[in-house]
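Here are a few exercises to work through with the model open beside you. Try each task yourself before reading its solution.

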Amino acid sequence: MGRRWPNVLLAAGAAGIAIGAAFWILGPSDPAIALTPDDPAAVALGEQIYDAHCASCHGDQLEGQPNWRQRGPDGRLPAPPHDAGGHTWHHPDVQLFRLTAVGPSGLTGGSYASDMPGFAGILTDGEIIAVLSYIKSTWPPEVRQRHDQINAQAAP
Ligand code: HEC
């Protein structure tokens with residue numbers, strides 16, 4: 001599963017399309033991209049942002065859409081859960097940030113059709129970090145620890 005993202009990023013790079021400022025400005029190890037699930041202010045802000053911008057697809061309880069592993073008739077995937085039962089926690093902070101900023105389609109230069117929009121023009125970088133921090137704050141301690149390890153492995 002984890003292998004999918006590097007390929008997607010390579011494809012986006014190869015396409016040479018300036019999809020969104022976030023993708024190009026932030027290097028793979030940008031230290032500014034670090035979730036803060038222990039910061040109550042960030043988590044509270046993130047919860048508001050989640051309810052306003054993410055819950056309609058990803059669910060009020062982060063449960064995702066029904067049958068989220070099965071593509072719909074249009075070939076698109078439903079929104080996956082962001083709770084510990086999904087695979088959001090399989091991805092390091094920087095990948096979660098980029099995906100939220102430019103959307104799954106933006107990551108591939110538009111070659112991949114997805115219902116999820118990019119939020120770069122709607123949310124600030126800090127708001128994107130806050131909403132992802134809120135998501136991480138809901139995971140049980142062992143999943144948060146595993147996600148910390150994934151981040152450590154992704155660091156140069
Ligand atoms: C219009 C529906 C919609 C909205 C609104 C939406 N998403 Fe998504 N999201 C999706 C879909 C559909 C996918 C599956 C991606 C695909 O097409 O492969 C997804 C995937 C993701 C992923 C990748 C998860 C993984 O396991 O790989 C992340 C992270 C994510 N969304 C974060 C967010 C955040 C944060 C918000 C709110 C700021 C948000 N999404 C709002 C539909 C949505």
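**Exercise 1: Helix 3**

Helix 3 (residues 40-53) has 14 residues and spans 20 Å from its first C-alpha to its last, close to the 20 Å expected at 1.5 Å a residue. The expected span is 1.5 Å times one less than the number of residues; helices are DSSP runs of H or I with at least four residues, numbered from the N terminus. Residues are numbered from 1 along each chain as its sequence is written. Keep in mind that this is a predicted model, where local features need pLDDT of at least 70, side-chain atom pairs count only at pLDDT 80 or more, and totals for chains, interfaces and linings use all residues.

Task: find which residues of helix 3 are buried, and what covers them.

Solution:
- Step 1. Call a residue buried if 20 or more other C-beta atoms (placed from the backbone) lie within 10 Å of its own, exposed if 12 or fewer, and partly exposed in between.
- Step 2. The buried residues of helix 3 are then Ala42, Val43, Gly46, Ile49 and Tyr50. They lie on the same side of helix 3 because they cover an arc of only 125° around the axis, taken from the directions from the axis to the C-beta atoms.
- Step 3. On the face turned away from that buried side, helix 3 carries the exposed residues Pro40, Ala41 and Ala52.
- Step 4. The cover over the buried residues includes helix 4 and helix 6 (125-137). Here, contact means C-beta atoms, placed from the backbone, within 7 Å.

**Exercise 2: The largest nonpolar core**

Task: name the residues that touch the most other members of the largest nonpolar core.

Solution:
- Step 1. A nonpolar core is a set of buried Ala, Val, Leu, Ile, Met, Phe, Trp, Tyr and Cys residues joined through C-beta atoms within 7 Å.
- Step 2. Among its 24 residues, Phe97, Ile128, Ile129, Val131 and Leu132 touch the most other members. Helix 3, helix 5 and helix 6 each give two or more residues to this core.
- Step 3. Zoom in on phenylalanine 97: leaving aside neighbours within four places in sequence, it is in contact with Ile33, Ile128, Ile129 and Leu132.

**Exercise 3: Tryptophan 139**

Task: is tryptophan 139 buried or exposed?

Solution:
- Step 1. Locate tryptophan 139 in the loop between helix 6 and helix 7 (141-154).
- Step 2. Tryptophan 139 counts as buried because it has 20 C-beta neighbours inside 10 Å.
- Step 3. Not counting residues up to four places away in sequence, tryptophan 139 touches Ala84, Trp89, Arg144 and His147.

How values were computed
Contact = placed C-beta atoms within 7 Å.
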